[in-house]
Amino acid sequence: LDLIGGAFHPASPIPSRAPIIKMGPAARWTAATSAFAILSFVAAFSRSPVLPPPRHARSSDVAPLRMAPRFDASTGRWSPSSKEEEDGAGYPPFGSLLRQGPKPFFQRVLKPDLYDQAVLKYMANEGVDRNVAQGNMDAYLANPNDWAYQYFEERRGGANYDYVNGNTDVKSLVLTGFWSSLVLSVVARAIYCLQTGVSFYDFL
């Protein structure tokens, strides 16, 4: 249609349909990839929910339940919950003598029940095994101040001291053996003198 002087004059016949535009291979490929990208974008945002669902905990992510000594409020006593927590599972009294000297050794021999209750309580409170609890208890009995200092240093991020294997090297064993035999000799002499009435210094 031509527009002349405000009047419409038919200059050419009106086409019955729109002309067909021919696309080359490159144009068809571009159009196809664009359509695919748009459809993928729409499909991705049409899923429900939009955010990924929470990840369920796997068996490897869940910490295993740990057995621990039990406390009976009616009797006021601790009791082991497995054989690994019983007295026989830890090192013997001689091990206390080697690691920390005669003081915890005598405490353990003369007051075995009190020692065992303290070890079970430490196991339950700190979540450690029998040997670690005994090592800490022996160190506490040998020198409470040094043990307490080391304990709080570890809680503040300091280096952990291995009470289970500590003082078990050759040099430490020789030194501990010397002092232990000296103390045991004095104790044996005192017991002998009390039983026989002999003066303690008669051997001098």
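A residue is termed buried when its relative accessible area is under 20%. In this predicted model, Ser 180 has a relative accessible area of 5% and is therefore buried.

Ser 180 is found in helix H7. Beyond residues up to four places away in sequence, Ser 180 touches Leu 97 and Pro 102. Leu 97 is 83 residues from Ser 180 in sequence, yet their C-alpha atoms are 7.5 Å apart in space. Helix H7, which spans residues 170-196, also holds Ser 185. With a relative accessibility of 45%, Ser 185 counts as partly exposed. A polar atom of the Ser 185 side chain lies 2.7 Å from the backbone oxygen of Ser 181.

**Aromatic rings**

The whole structure contains 8 aromatic pairs. Two of them are listed below.

| Pair | Distance of centres | Angle of planes | Class |
|---|---|---|---|
| Tyr 151 and Phe 152 | 5.4 Å | 85 degrees | edge-to-face |
| Tyr 161 and Tyr 163 | 4.8 Å | 65 degrees | edge-to-face |

Planes over 60 degrees apart count as edge-to-face, so the 85 degrees between Tyr 151 and Phe 152 place that pair in this class. Tyr 151 is buried at 17% relative accessible area, whereas Phe 152 is partly exposed at 47% relative accessibility. In the other pair, Tyr 161 is partly exposed at 38% and Tyr 163 is buried at 9%.

Tyr 151 and Phe 152 also belong to one aromatic cluster with Tyr 122, Tyr 140 and Trp 147.

**Charges over rings**

The charged end of Arg 155 sits over the ring of Tyr 151, 4.1 Å from the ring centre.

Key:
Residues numbered from 1 in each chain as written. Predicted model: local features only at pLDDT ≥ 70, side-chain atom pairs only at ≥ 80, totals over all residues. Heavy atoms only, no water. Helix = DSSP H or I, 4+ residues; strand = E, 2+ residues; numbered from the N terminus. Buried < 20%, exposed > 50% of the residue type's maximum accessible area, 1.4 Å probe, protein only. Polar contact = N/O pair within 3.5 Å; in protein donor to acceptor, adjacent residues only side chain to side chain. Contact = heavy atoms within 4.5 Å. Phe/Tyr/Trp six-rings, centres within 6.5 Å; stacked < 30°, edge-to-face > 60°. Lys NZ or Arg CZ within 6 Å of the ring centre and 35° of its normal.
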